[in-house]
Amino acid sequence: MTRLLQGMYPSAVNIIRLDHTHVLSTFHQFDLDDWPTAKRGLVNTACTALEVHAQLEEEIFYPALREVFSSQTLEESPAEHDEMRSLIGRLRGLAPEDAGYDDLFMELMRAVLHHVADEETELLPAAQRLMPERLNELGGRMTRRRMELTVPRAGEIAGNMVRAMPGSTLALFTAAVSGVCLATWYGRRSRSHLRSQLRRSR
Ligand SMILES: [Fe+2]
Ligand SMILES: [Fe+2]
């Protein structure tokens, strides 16, 4: 692949860092006192993002890194993903009102924070140091694979994001959508009124 084509794709390291930032910001929004629907939306948003992210790393990033680097952290990473998947599975089997739901999500947060710290301080710097020429190609493959994994789940992902919105944001979002609908309806009505006026004046 030419340098020009490589530059068209985001670096795998940047993709991974952005995914981590997104998940951690979802964690920061978790509020014990939130209403159950919002809690469920937020938790599901974080869980889906983690599942997709882990799969991208296991299928594309880790195998490429293993060709040039080995360490205990890298070897243990898939097992840490499995631990996260197990916590996610248990969370999905509970309702936000159930005893233990919040504690289980906190446990997932702790596991993810530990895992992300290992990746950001050891694996990503190793990838930048040892295979800089492959990062954009890997980023392209990760971007395409993400589309394959998320498109079939687009409805579920959008629904969770809306449920996770704080009340004030949801109200603004609803008002914006209503405003667009109203403007469209009013625009159509005005045009039809104008057309009938023109017909009458002929
Ligand atoms: Fe990661
Ligand atoms: Fe990971």
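The model is predicted. The protein holds 8 helices and 0 strands, and its elements follow the order α-α-α-α-α-α-α-α from the N terminus. Of its 202 residues, 37% count as buried. Among contacts with a separation of 6 or more, 79% come from residues 24 or more positions apart.

**Nonpolar cores**

- The largest nonpolar core comprises 22 residues, and the members touching the most others are Phe61, Leu65, Ala127, Met131 and Met142.
- At least two residues of this core come from each of helix 2 (12-29), helix 3 (36-66), helix 5 (101-130) and helix 6 (135-150).
- Helix 3 makes the greatest contribution to this core, with 7 residues.
- Leaving aside residues up to four places away in sequence, Phe61 is in contact with Ala12, Ile16, Leu56, Leu123, Leu124, Ala127 and Met131.

**Iron site**

- Five residues are listed as donors to the iron ion (ligand 2): Glu57 (OE), Tyr62 (OH), His81 (NE2), His115 (NE2) and Glu119 (OE), at 2.0 to 2.6 Å.
- Along the sequence, the donor residues of this iron ion (ligand 2) follow the spacing E-x4-Y-x18-H-x33-H-x3-E.
- A distance of 3.2 Å separates the iron ion (ligand 2) from the iron ion (ligand 1), and both are coordinated by Glu57.
- Glu57 and Tyr62 are both buried.

**Packing of helix 2 against helix 6**

- The axes of helix 2 and helix 6 lie 7 Å apart, and the two helices pack at an angle of about 50 degrees.
- Helix 2 is therefore oblique to helix 6.
- On the helix 2 side, the contact is formed by Ala12, Val13, Ile15, Ile16 and Asp19.
- On the helix 6 side, the contributing residues are Leu135, Leu138, Gly139, Met142, Thr143 and Arg146.
- By class, the residues of this contact between helix 2 and helix 6 comprise 7 nonpolar, 2 polar and 2 charged.
- Ala12 and Ile16, which take part in this contact, are also among the residues touched by Phe61.
- Met142 of helix 6 likewise belongs to the contact and is one of the residues touching the most other members of the largest nonpolar core.

- Ile60 lies in helix 3.
- Ile60 counts as buried because its relative accessibility is 6%, where the limit for a buried residue is under 20%.
- Not counting residues up to four places away in sequence, Ile60 makes contact with Leu138, Arg141, Met142 and Arg145.
- Ile60 and Gly139 are 79 residues apart in sequence, yet their C-alpha atoms are 9.0 Å apart in space.
- Met8 occupies the loop between helix 1 (3-7) and helix 2.
- Met8 is exposed because its relative accessible area is 58%, where exposed means over 50%.

Technical notes: Residues numbered from 1 in each chain as written. Chains lettered and ligands numbered in written order. Predicted model: local features only at pLDDT ≥ 70, side-chain atom pairs only at ≥ 80, totals over all residues. Heavy atoms only, no water. Core = buried A, V, L, I, M, F, W, Y, C linked by side-chain atoms within 4.5 Å. Buried < 20%, exposed > 50% of the residue type's maximum accessible area, 1.4 Å probe, protein only. Helix = DSSP H or I, 4+ residues; strand = E, 2+ residues; numbered from the N terminus. Contact = heavy atoms within 4.5 Å. Donors = N, O, S within 2.8 Å, 3.2 Å for Na, K, Ca; no water. Axes fitted to C-alpha atoms, helices over the stretch in contact; angles between N-to-C directions. Parallel < 35°, antiparallel > 145°, perpendicular 65-115°, else oblique. Nonpolar A, V, L, I, M, F, W, Y, C, P; charged D, E, K, R; others polar.
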